[in-house]
Amino acid sequence: MVQPGPDITRKGAGCFTTMDGGASWVQQYTGIPVTLTSVAMIDSLRIIAVGYNGMIAIASNSGKTWDSVNSGISDVDLEAVSVHGFYGIAVGAKGTIVSTSDRGHTWHPEFSGVSNKLYAARMIDDTTALAVGAGGIILKTMNGGLDWVQVSPPSSHALNVLSFQDPETPNIEIVYNLPQLQNVTVIVYNVMGKQIAMLASGELQQSGPHHVVFNGSTVASGTYLFTIKTNRYQGTGKFELTH
């Protein structure tokens, strides 16, 4: 596992790596001359990182050494990266999305259809991915990034809630955008209205995209409901859990 570390130093952008499930961390320097903002593990050895000025860097030895690759862009800061097998996407300012289908060796700009800054991305499987950003926008592709559609129209007065199951685990991820600083409560119920889990309990959260994860291994397969309550807004939804 790897996480972004300190910003620019004479040795380049920093990162921290762990080989024991997070019990201990080792600080390393990438030699990459820009700030790195997000990382994703392809496998136990191969890691992708993205950052300012369209930077995409890859390590093939658990983060010990890094090499930059051509992202196809140079004037846009990338904010997040997500991978699934051979496929991946990175997102950033001005609605920028770039994708790879060969484990990060080559990247291609995609047309998102928006100019909003995109803050986060998630590959659900090889062809389906989500991206969220400013103005409460949520984008989705179901063909590997060739076409992106807005799941919810941009709005400054909506939570724009979306949920999906991790295809490799029974965990359910609930994604939402806050229009402003607010206290947030997230509760999961069964179809009989019984509370199953509280994923956030009045926590103060900044405006922008957020997500919480429901551990689906604790309950049976079936339909579940959830609510997201804030000082001024409420979002609701449901999801199908399968084991």
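Me: Which residues lie nearest the centre of the largest pocket?

Reply: Rolling a probe the size of a water molecule over the atoms shows where empty space is left. In this predicted model, 29 residues line the largest pocket, and Val81, Ser82, Ala121, Arg122 and Glu173 lie nearest its centre. A pocket here is an open set of points on a 1 Å grid over the protein atoms alone, where a 1.4 Å probe fits, with protein on both sides within 12 Å along at least five of seven lines, and lining residues have an atom within 4 Å of a point. Local features need pLDDT of at least 70 and side-chain atom pairs 80 or more, while totals for chains, interfaces and linings use all residues. Residues are numbered from 1 along each chain as its sequence is written, and side-chain values use heavy atoms, without hydrogens and water.

Me: Which element gives the most to the lining of the largest pocket?

Reply: Strands are DSSP runs of E with at least two residues, numbered from the N terminus. Strand 8 gives the most, with five residues, and the elements giving two or more also include strand 17 and strand 20.

Me: How do I read the sheet order 16-17-20?

Reply: Two strands pair if DSSP finds at least two bridges between them. Here three strands form an open antiparallel sheet in that order, with strand 16 (162-165) and strand 20 (208-214) as the edge strands, each pairing on one side only. Strand 16 and strand 17 (residues 172-178) pair over four bridges, and Gln165 has Ile172 of strand 17 as its bridge partner.
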